[in-house]
Amino acid sequence: MDNNTVGESRVVLVSDVYPDNIAILPLENRPVFPGLGLPLSFVDEELVKLVDHALEKNNGFIGTALIKGENEDRSVKEELYPIGTLLKIIKVIAKDKESVSFFAQALIRFEYAREVIRDQVSMWQVHYHYESRQLPSEELKAYSLAVINSVKDLIQLNPIFQEQMKLALSQVGVDKPGLLMDMVASFLSVGSDKLQEILEAVDVVERGNRLLILLKEELEINKLQQDIQKQIEEKISRQQREFFLREQLKVIKQELGLEKDEKTSEIESFDKKIKKLHLTPEAVRVVNEEIDKLKILEVGSAEFQVSRAYLNWLTDLPWGIYSEDNHDLAKGRKILDEQHYGLDDVKQRILEFISTIIKRGKVSGSIICLVGPPGVGKTSIGKSIADALGRKFYRFSLGGMRDEAEIKGHRRTYIGAMPGKIIQSMKRTGVANPVIMLDEIDKIGASYQGDPAAALLEVLDPEQNSEFLDHYLDVRFDLSNVLFVTTANQLDTIPGPLLDRMEIIKLSGYILEEKVEIAKRYLIPKQRQEHGLKAREINVTDSALVNIVEGYAREAGVRNLENQLKKIMRKATLIQAEQKKVSKVNVNQNNLTEFLGQPFFTTETLYRNSIPGVTLGLAWTALGGTTLYIEASAIKDPSGGLKQTGQLGKVMQESSEIAFSYIRSLVANDKELADFFNHHFIHLHVPAGATPKDGPSAGITMALALHSLAYNKPVKKGLAMTGELTLTGKVLPIGGVREKTIAARRVKVYTLIFPVNNRKDYDELPEYLKEGITPHFVDRFEEVLEVAYD
């Protein structure tokens, strides 16, 4: 064979003659160094064929080279490093079609020359780098000694290398520096690319340089690791020492009676709590059972924590603890008057409830439901009831609640279980007779987790809540002394059985004069304080307040009015900040748009002059009363017909059809207009088109619009009406008389038409609402016509 040599020429023994062409096994993790015997394993059908070829055709000689990367699409030359190690397969340990394991001796470095094909196998033609067998120079001996010393230092720092390095040093001395360096490098735990650099260092001096640098890095890493380990051990030993000392101190104190263990302290704490409570016999039995269980449990066990949490809840509840009620009814009236302006009828109803509670000395099953549009003060009235009675107050919202466990608690079968909101509120207030407000009861939901509304039936039922059973406590608790106050925007979505358990108090909303007074008494002082302004720094005139209510905050409540006042306050602070001095800001009707922009509400002034076919109706919504126009228009069409627009609901569409049929029958008796509806297509529209509308109370309003259109007579100005119409012209009663009256006053309409059966509802209205109103009560549509035209 023709072999290439590198380095000084020397005699080559027959045993040193290696094949020119060898198959190559790719290595993934680290290269193999010459001089080592080692086992290798490969899992690949092609690599198994290469091993078979080497055993059969090449006397067991095969090469290894380190893979440069993991991209399998690259060629062999690009995939592998060009310098590798020749192996002699000594023994095949295991082999099958797809894997092979063998023991081999690493012999010598080689370098890639070119790729050749032999026996249909891709092979490398290589030349070998032989090591010199002459005695090493003094320089090489110095490198060898430096390597040995570094290895000894490394052994002291990291005992893991001890056995391997000792074996290497005992077998190889300074006389074979190349082999020594290769063996030391093979034991280092550095990256494969750095080990490949050692393998590629054919010159022994260069190899020594590179190896010493790696050994120094390894030494530094091991020193740092040892320092970290030492710090950790010191910290752990100190913590252990402190732990043992604390445990010893604890035992000494317990022996001397100076301290009790955690379990004993917990049990004594529960005993102290129990002595202050008036537990029911059932609760006493359950508490004693839990305390007995606690005594036999280990403090660190999960069951101990669960039992302790349960006992905490049981003993934190106000069993038999009541706050003293305020029996001074005059004081209660004063509190309600101070905190709320207007709402005289509502305050009167509340005082009736309070007087009954004072008289009987118990709530006696009174559950109040405050119903009204947003912003009328339902929540604040609940707080005022508590203040008037001198009781603790707790509020939580039912809006969006979908899990009945929120009311009745979770069962103690899993970690994180806790009582429901009712029991939580009792613990928070610390008394067994608080005022609890259940806000937004009309927005409660239901899901697969249960129906909270059904769970509330037990809570709000006076016959059942004296023995309320929470799933978590599993002990009956008396809620009969709790005054429950609920709030809702509408009653339609409250389940019937739940509604049946409550006394309804309606808050219809505020008229203009009330809103102005509320702004002056409550809202402006509150917003001045929240924005850091003083009374002398800002002034909002009464005329400005009237314009704000009429043009920007026309809803039933005062929440939007407060938002508009916030805008004014923010604008005032900005003006002062820009002027860099404190100056008084005056807000009046002339400069109001500078603070709030253009008014939002101008709909009711759409028709400054009466027009035939246009009437003004009164409607009730969840946000309070409102006014709406009915418009009718006639288009010549020989086929006639009726069309309704304005997002009308099914009931309102039926009302329009009834009104159309009735007016047609009425007009048919007039010879001049008998064929009006036969030759005209009628379009009935209810602005605003984007707002859904429904209900029967616009019947007479739509009928009057059609009558006015047919006779081409405008309805007199300042007239609004409400009432359901039948096919025979009968006017039926409607609801929401108070809300509709307030809506009419809001837009300065003072002549109203109501069904005759609603006279009693109108008579019950407070005098300040009826002041200036001219009501007309009608039984038939003919009476509407008498009022409608000038």
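Guide: Strand β3 (residues 37-43) is joined to strand β6 (residues 99-118) by 7 bridges, and the two run antiparallel. This is a predicted model. In β3, the covered face holds Leu-38, Leu-40 and Phe-42, while Gly-37, Pro-39, Ser-41 and Val-43 lie on the uncovered one.

On confidence, the mean pLDDT of the protein is 83, and 90% of its residues reach 70 or more. Residues 1-15 have a pLDDT below 50, yet this stretch has 26 contacts in the model beyond near neighbours in sequence. Residues 71-77 are also below 50, with 6 such contacts.

Now the helices. Two packed helices are described by the angle and the distance between their axes. The axes of α22 (residues 650-667) and α23 come within 8 Å and cross at roughly 40°, and the two helices are therefore oblique to each other. The crossing of α22 past α23 is right-handed. Among the residues that meet there are Ala-659, Phe-660 and Ile-663 in α22, and Ala-703, Leu-706 and His-707 in α23.

Ser-708 also belongs to α23, which spans residues 699-711. Why is Ser-708 called buried? Ser-708 counts as buried because its relative accessible area is 0%, and the cut-off is under 20%. Leaving aside residues up to four places away in sequence, Ser-708 touches Ile-611, Pro-612, Gly-613, Lys-713, Pro-714, Val-715 and Tyr-789.

How values were computed
Residues numbered from 1 in each chain as written. Predicted model: local features only at pLDDT ≥ 70, side-chain atom pairs only at ≥ 80, totals over all residues. Heavy atoms only, no water. Helix = DSSP H or I, 4+ residues; strand = E, 2+ residues; numbered from the N terminus. Buried < 20%, exposed > 50% of the residue type's maximum accessible area, 1.4 Å probe, protein only. Contact = heavy atoms within 4.5 Å. pLDDT = per-residue confidence, 0-100. Pairing = 2+ DSSP bridges. Axes fitted to C-alpha atoms, helices over the stretch in contact; angles between N-to-C directions. Parallel < 35°, antiparallel > 145°, perpendicular 65-115°, else oblique. Left-handed = near helix turned anticlockwise from the far one by under 90°.
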